[in-house]
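Open the model in your viewer and keep the sequence panel beside it.

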Amino acid sequence: MMYLEGGETASYFQVIDVKHILFHICDDAVQVKGLPITLLRVLILFVTICAVFSVISIYTLKHFGIESVVTTTVMKSSFQPCRGEQDRLLDLEDWIRPNSNPIHNMSDKELLWRASFGSRIKDYPFKRVPKVAFMFLTKGPLPLAPLWERFFKGNERLYSIYVHSLPSFQPQFSRSSVFYNRQIPSKVAEWGRMSMCDAERRLLANALLDIYNERFVLLSESCIPLYNFSFVYNYIMESKHSFMSVFDDPGPYGRGRYRNEMAPLVNITQWRKGSQWFEVNRKIATSIVEDTRYYPIFEKYCRPACYVDEHYFPTMLSIEAGNALANRSLTWVDWSRGGAHPASFGKSDIREEFIVRIRSRHHCKYNERNSTVCVLFARKFSPSSLKPLLDMDSRVLGF
């Protein structure tokens, strides 16, 4: 037998063998069945052509890769993806729609990463009415909630509310309450520990997810508003600065808490102290949640008797954004009685002259001008103060 190169020769001889066998089969069939010889020859010719065509097709597919092309084409034409709700095109509304419920499954790391997103274009391609985010840091209930309900009433488009409490606390607000479904995923926050700053960053991060929130106020369950909503809103929105108390305390409760290991990132001359209760704009809020530079050293070295919630944000922001701060808090607190905690006020303290005195005994700068309106909120007010506050003449607080 003669052999040629490659598999083509083998295929050729296979065709001849098939033809040879078919002739023998047909001859036998003629002898047995008596079929016409012409019909059998046509059948033999047809089978031979089919066999040759098959061999040529196999050779072509093998050497020119047409098989993959044909297969891909067939698959593409045969399998079309199902298009459901998840495949629809995103509209701008999907990006800017505020979430009616702040509950989510993100970890803190995922939340802070997501909240750090921000637009670099300041001209919004939609009508944006900026809101103030009121962030309540509490262990559990909000005993002064009815007063805040009255404060917020009628201004639904201008504010949003976020509540951080102990994770075990189950709020009992009615559906009609402004606090209903406003509790964010929370963790235990210990006074003086980094977990307290974590809670504040958690509040800011959740509030930053709403693109309409422009200013962010940190409050406690013992805070009350000193003016009506319109006054507070305009005062905050029209301010050129954010409000965070920042000062250099040379004594043992200021520089005395500094650790040399924090240098060179933070030197003792940069060490600052301030009030925990702040108000910041969106840019500074983003700076707080995205910080990975200062956070590790404060977490490591500022531990009791260094109370990190009094030093972390004031020091970091005085270094990074000092000119953007008014260097004062909008929340009045009475430290005149001494001790580690400020004075508390109950039912017997609530008088019209008391509220007037809190509001008027101040002098400060507001947008580079002298002002006597320096605080918008006050603390610490006990639950017993609620009824006299609600019974107070509306002309005192303005609501």
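A salt bridge here is a side-chain nitrogen of Lys or Arg within 4 Å of a carboxyl oxygen of Asp or Glu. The model on screen is a predicted one.

**Salt bridges**

Select K273 and D249. Their side chains meet in a salt bridge, with 3.9 Å from N to O. K273 lies in the loop between α8 and β5, and D249 is in the loop between α8 and β5 as well, so the pair ties together parts that are 24 residues apart in sequence. Is K273 buried or exposed? Buried means under 20% relative accessible area. K273 has 15% relative accessibility, so it counts as buried.

Next, select E279 and R215. These side chains also form a salt bridge, at 2.7 Å from N to O. E279 sits in strand β5 and R215 in strand β3 (residues 213-220), so the bridge links distant parts of the chain, 64 residues apart. Both E279 and R215 are buried.

Then go to D393 and R395, whose side chains meet in a salt bridge at 2.8 Å, N to O. D393 is partly exposed, with a relative accessible area of 33%. R395, at 71% relative accessibility, counts as exposed. Salt bridges that share partners also join D108, K187 and R202 into one network; select these three together. How many salt bridges does a search of the whole structure find? The search finds 13.

**The second largest cavity**

The volume of the second largest cavity is about 40 Å³. Its lining has five nonpolar, one polar and two charged residues.

**The largest cavity**

Two cavities of 30 Å³ or more are counted. For the largest cavity, select G140, P141, L142, V163, S165, F169, P171, F173, F179, N181, R182 and Q183, which line it. The volume of the largest cavity is about 80 Å³. By class, seven of its lining residues are nonpolar, four are polar and one is charged.

N181 is not a glycine, yet it has a positive phi of about 60 degrees. Its place is in the loop between β2 (159-164) and α7 (194-208). N181 is partly exposed, at a relative accessible area of 34%.

Now select E368. E368 is not a glycine either, and its phi is positive at about 70 degrees. Look for E368 in the loop between β7 (364-366) and β8 (369-371).

**Cis peptide bonds**

Select A263 and P264. The peptide bond that joins A263 and P264 is cis, with omega about 5 degrees. P264 lies in the loop between α8 (229-237) and β5 (279-281). K273 and D249, from the opening stop, lie in the loop between α8 and β5 too.

Go on to P304 and A305. The peptide bond from P304 to A305 is cis, with omega near 15 degrees. A305 is in the loop between α10 (295-301) and α11 (312-321).

**The largest pocket**

Which residues lie nearest the centre of the largest pocket? Select Q276, W277, W335, P342 and R379: these lie nearest the centre, among the 40 residues that line the pocket. The pocket has a volume of about 1200 Å³. Its lining divides into 16 nonpolar, 13 polar and eleven charged residues.

**A nonpolar surface patch**

For the last stop, show the surface and select L90, L92 and W95. These residues form a nonpolar patch on the surface, with about 370 Å² of accessible area together. W95 belongs to helix α4 (residues 92-96). Is W95 buried or exposed? The cut-off for exposed is over 50% relative accessible area. W95 has 60% relative accessibility, so it counts as exposed.

Key. Residues numbered from 1 in each chain as written. Heavy atoms only, no water. Patch = residues over 30% accessible without salt bridge, like charges linked within 9 Å, V, L, I, M, F, W, Y side chains within 5 Å. Areas by Shrake-Rupley, 256 points an atom, 1.4 Å probe, with all protein chains shown as cover. Helix = DSSP H or I, 4+ residues; strand = E, 2+ residues; numbered from the N terminus. Buried < 20%, exposed > 50% of the residue type's maximum accessible area, 1.4 Å probe, protein only. 1 Å grid on protein atoms, 1.4 Å probe; cavity = no way out; pocket = protein on both sides within 12 Å on 5 of 7 lines; lining within 4 Å. Points joined across faces, edges and corners; volume = space filled by probe spheres on them. Nonpolar A, V, L, I, M, F, W, Y, C, P; charged D, E, K, R; others polar.
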